[in-house]
Each structure stands twice: as C-alpha cells, then as structure tokens.
Amino acid sequence: MGTRKRLISSSTEPSSSSSSDPKQLNTQLKPQQQIDPPIAPPKWGFLFKLSLFSLPYFYLIFFHYTLDSDLRRSIIINAGLSLAAFFLTVRMIPVASRYVLKRNLFGFDINKKGTPQGNIKVPESLGIVVGIVFLVVAILFQYFNFTADSNWLVEYNAALACVCFMTLLGFVDDVLDVPWRVKLLLPSIAALPLLMAYAGHTTIVIPKPLVPHIGIEILDLGWIYKLYMGLLAVFCTNSINIHAGLNGLEVGQTVVITYAILIHNIMQIGASTDPEYKLAHAFSIYLGQPLLATSLALFSYNWYPSSVFVGDTYTYFAGMTMAVIGILGHFSETLLIFFLPQVLNFLLSLPQLSGYIPCPRHRLPRFDPQTGLLTGTNDGTLVNFFLRNLGPKSEKSLCIYLLIFQAIACCFCFLLRYFLAGWYK
C-alpha cells in the first residue's frame, strides 16, 4: 500500500505441460532468481532511536503508578511475548518477501519514478507477516492470563476473530484488487464476531453541561451502540488505508497512535480504583503491546527508502486492531481524537470518494526526478494539503512532518482530557 504501482501477473515460471525436462526448467528459472535480489536489511539505528520513546511508558508502569502485582505481572509477560514477536517478525519478513516475489506480488515505487529506485521490484503485502505473528502471540498469551471461566475470554477471542478476518480480507484485496466501494463493506463483515459476542454495556455518559436539559446522566443506546461500534471499525480500517502514499506513513501513524493508546491505558489504570474499569484498559494493553512490537518490526523495512510494501493487508489489520482495542477498552471517543489526522484526511477526501469530484486511482503528489522533491496536486488528501501549504518536500521529510502532526494530535487529546476532566464528564 502507498507509493507503489502494483503489478500482479501470472507467474513467469513454466508449467509442467510446457516442458518436462528438469534441466530446461532450471535454465528458465535462473534469470528470474538473478532479477530478484534480497531485500535491504532492517534499519536498526532507526529502531534504536524509536525505542527511546518507550521509556516514559515503562516509567509509568514501574515508578509513577502503583499497579496491582498480578496486573503488572500480566503486562510484563505480554511485553516479553511482544518482544519475541518483534524479533520473529524481523526474521520472517525477508523470508516472506522471497515467496511473494516468486508469485509476482510486487510493486514499483511511484514516488521514485524516473530514478533507478523506481525500477526496483518491491515485495507487496508484507502486512500478512505482522498479522500472523500478532495473532499467534495474542493466542499464546491466553495461557498466561485467562482462565477457562474468565469473563473476558469470549470477547478477547471475538476480538482476535475480527482481526484474523480483517487480515484475510485485506490479503484478498491485495491479490484481487477489489473496488474501493467493496472495501467499505469488508470491515463491516469482519466486525461481526465482535458485535455478536459483545456483552458489555451499551450506555453513554451524558456530558454534565447537558444533564439539566436532558434530565438524565446515563443513556442506554441499545442496538444503536452496536451500530456505532461497527461504523467505528469501518472508519478506523479505511482511514488508515486512505491516509497513505509515502514510505513508512501507514506503519508510522499506527506506531504513533498505538503508543498513545498504551500511555492512555496506563494513565487510566493508575488513576482508577474500579477493578472492572482497570481490566478493560488492561485488555487494551494486552492487544496494544504486540501490535506496537510487530509494527515496529515492519517499520524497520518500510521506512524510507522502503524495501517492502505493507499492502492493504496491514492497513486493514492495523485499523481493525485499534478499533477493537478502543471498543473493548471503552474509550472510543478518545480513540477518535487520536485519529484526528485521519478524520481530517477523510473530510478532505470526501468530495472525491463520493464521486462529486473525479477520483483517480492514485491520489499521490507529483514527483520530480530532477530535484527528488514532491509537489502537491489538487487531490483531496492530507499529503497533498501539506505540500500545497509547505511547498515541495522530499518524501522522507514530508512523512516526518505528517508523523509529527500525528503525535501533536495525540498530545492534544491528552490535554483535552486533562482540561475537561470533571467538567465535561
């Protein structure tokens, strides 16, 4: 997904009917093996710099807040499994890259067209590795934390079923390249296990300034709340998918939002005395940590210049995972503020997505191979909006600007919650 032109054709390997001579087959396969060199190694220096941002998170867990010993133990076990998932993902991505290249599932980087890098085959759909490793780790974690009669086990497995379903549908989209109108329906289908298994409350707290006018403090929405959950899943998956077009942007925004989610959950656990409320936010941590770890592993290959493309498989997987984290952690309002850049990008895209303005297949900025800079077009995306207002930028610089904006939106959410606490709710 992102800055690539997908090329999926029938395999160039000869079938058994065309030739039965093994020597001839080997001769025909050798050129293909020489054309596809190994992908670039992970960017360890870049990952080390990112790892420094985890220090505030662990400071909150071990020093700032006094957490229950069992809860801290579960978080540490989950973090250990997530670390193992990180190294496994780093190891598996080059292996998976060779397989997808053999099946001609690759693309060319459009934002490098006209340069030598623009002619390199970049393996596509490597988000499938992240999705599989995430699911394996999340399933294994049940052995350490949940008992057979745990109230959370049904919803936990329903959440994993949604993520698994969405990963599969994302990979199908990468292979079949389904129309975007169909893509809107895919998250609705994938969210069904969670909607059917959800046994939590369907109430909302009325903001305090509105209580005198409405007359009640808590409103039960019933089936409308479940409809809202389904729409949130649709928005999260598609918003990550359309806020794309640069090396590292899809994974980068997921990393920033997931880190903010983890900080938010720890703060809510540390400030609350309600055991059920703490468990809801702990649930979010159990899914957020492996999501962050596996995404960082993919980020090390997808950061500029990308040696792999994540595909719709990853954007759907990441969006659905964050949606179920917000829904079952009961902080969907906060999640939407974390998604502020994605909301703005959706509003900018709405005229083209609705068909009011013609919508090209790739709404990417223009790349000048002479200067190596990107120039904004009139397409309604946040990427082009930044370029139109900031002027031409390199792809790497523009992605950094967008990720900083994502981080500012998350910080704004924390400030908003701080100033409105006790007054709004």
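Predicted model: local features only at pLDDT ≥ 70, side-chain atom pairs only at ≥ 80, totals over all residues.
Asn302 lies in helix 13.

**Stop one: Asn302**

Is Asn302 buried or exposed? Its relative accessible area is 2%. Buried means under 20%, so Asn302 counts as buried. Now show its contacts, skipping residues up to four places away in sequence.

**Stop two: the largest nonpolar core**

In soluble globular proteins, nonpolar side chains tend to be buried together. Here, the largest nonpolar core has 104 residues. Select Ile75, Ile266, Leu287, Leu298 and Met320, which touch the most other members. Which helix gives the most to this core? Helix 13, residues 275-302, does, with 14 residues.

Pick out Leu287 next. Leave aside its neighbours within four places in sequence.

**Stop three: the second largest pocket**

Rolling a probe the size of a water molecule over the atoms shows where empty space is left. The second largest pocket holds about 1000 Å³ of space. Select Leu50, Phe53, Val255, Tyr259 and Leu296 to find its centre: of the 34 lining residues, these lie nearest to it.

Now colour the helices. Those that each supply at least two residues of this lining are helix 2 (44-51), helix 3 (55-64), helix 4 (69-102), helix 12 (249-271), helix 13 and helix 18 (395-420). Which of them gives the most? Helix 18 does, with eight residues.

Colour the lining by class as well. It has 28 nonpolar, four polar and two charged residues.

**Stop four: the salt bridges**

Side chains of opposite charge can pair when their charged atoms come close. How many salt bridges are counted in this model? The count is two.

Select Asp109 and Lys112. They form a salt bridge, and their closest N and O atoms are 2.7 Å apart. Both residues are buried.

Glu395 is buried, as is Lys112.

Finish by showing Asp109, Lys112 and Glu395 together: they are linked in a network of salt bridges.

Terms used:
Residues numbered from 1 in each chain as written. Heavy atoms only, no water. Core = buried A, V, L, I, M, F, W, Y, C linked by side-chain atoms within 4.5 Å. Buried < 20%, exposed > 50% of the residue type's maximum accessible area, 1.4 Å probe, protein only. Helix = DSSP H or I, 4+ residues; strand = E, 2+ residues; numbered from the N terminus. Contact = heavy atoms within 4.5 Å. 1 Å grid on protein atoms, 1.4 Å probe; cavity = no way out; pocket = protein on both sides within 12 Å on 5 of 7 lines; lining within 4 Å. Points joined across faces, edges and corners; volume = space filled by probe spheres on them. Nonpolar A, V, L, I, M, F, W, Y, C, P; charged D, E, K, R; others polar. Salt bridge = Lys/Arg side-chain N within 4 Å of Asp/Glu carboxyl O.
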